[in-house]
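Thanks for coming, everyone. I'd like to walk you through one model today, so please have a look at it with me.

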Amino acid sequence: GAPEAFTPPATPPTLVGEDPDEGDISLDKKAENTSRDDGKTAVGDKIRYVITLKNDHTGTAWMDALVKDEIPEGLEPETGSILLTLPDGTEQAVDDAAYDEKTRILAVTCGHLYGGQEVKLSFTAIVTEAAVDADIGNVAVAVGTLPSKWNPDAENPAPGSPFAPPSGWPAYERGHETVKSPAAYPPGTDEKGGVLKGPGSDATTIAKKRLAQ
């Protein structure tokens, strides 16, 4: 019989590395107050969160990585502020649908993370009245699949897509690898609180002090 015509694959095959070891994948989170630089945080301030997911082990991979962030009461993500920075430095705007107001979960797909690469997910949140006297520490979780368990035939969501697992988060996380970040606190706050009531109340206090002198 005649040899079959060769059809080149439409997309190059996905590179699959070795499984990373415990500790190779790290997740860091920082909170910066973009409204003031006096080391304090008040109601109405804008806080910029930057989450960095990194694979330190060359030759390994973390497949279909995603970052999930449960936003505490007292912080409201600002529309149009979610941004994903890919390993090559490209910035990609993320649809606001990545934040689910009902569950307060913000989740974004990050693609495959190979050894030596990092991705950054950032967003801005506005501090609301609910943050006063509350713990607004914010912990992010990264979820990924080991190359040895990865299914190349499954649908791979493109990096920067909103994500919600059909089976629900607890089941999804049980079936995958997870890494947690330390809690990030805006300046001047900790687990006991620390958010000021807002510019209004500050001004009143200053006025009262002046009268008392």
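R104 counts as buried at 13% relative accessibility, where buried means under 20% relative accessible area, exposed over 50%, and partly exposed in between, with a 1.4 Å probe and protein chains only. You'll find R104 in the loop between β7 and β8. Strands here are DSSP runs of E with at least two residues, helices are runs of H or I with at least four, and both are numbered from the N terminus. R104 is not a glycine, yet its phi is positive, about 60°.

A word on the ground rules. This is a predicted model, where local features need pLDDT of at least 70, side-chain atom pairs count only at pLDDT 80 or more, and totals for chains, interfaces and linings use all residues. Residues are numbered from 1 along each chain as its sequence is written, and side-chain values use heavy atoms, with hydrogens and water left out.

D133 also has a positive phi of about 60° without being a glycine. Is D133 buried or exposed? D133 is exposed, with a relative accessible area of 66%, and it sits in the loop between β9 and β10.

On to the packing. A nonpolar core is a set of buried Ala, Val, Leu, Ile, Met, Phe, Trp, Tyr and Cys residues joined through side-chain atoms within 4.5 Å. The largest one has 37 residues, and L53 and W62 touch the most other members. At least two residues each come from β1 (25-33), β2 (46-55), β3 (61-70), β8 (105-114), β9 (118-127) and β10 (140-145). The largest share, 5 residues, is from β9. Another core, of 8 residues, lies apart from it, with A107, V141, V143 and Y172 among them.

Rings of Phe, Tyr and Trp (its six-membered ring) pair if their centres lie within 6.5 Å; planes under 30 degrees apart are stacked, over 60 edge-to-face, and the rest tilted. That rule gives 4 aromatic pairs. F163 and W169 are edge-to-face, at 5.9 Å centre to centre and 65° between the planes. W169 is buried at 12% relative accessibility. F163 and Y172 have ring centres 5.2 Å apart and planes at 55°, so that pair is tilted. Both F163 and Y172 are buried, and ring pairs link F163, W169 and Y172 into a cluster.

One more residue: T189, in the loop between β11 and α2 (199-212). T189 is buried, at 11% relative accessible area. A polar atom of its side chain lies 2.7 Å from the backbone oxygen of P186. Leaving out residues up to four places away in sequence, T189 touches T41, G194 and V195, a contact being heavy atoms within 4.5 Å.

Finally, confidence. pLDDT is the predictor's confidence in each residue, from 0 to 100. The mean is 91, and 87% of residues reach 70 or more. Over residues 202-207, though, pLDDT stays under 50. Where pLDDT is low, the predicted coordinates should not be read in detail.

Terms used: Polar contact = N/O pair within 3.5 Å; in protein donor to acceptor, adjacent residues only side chain to side chain.
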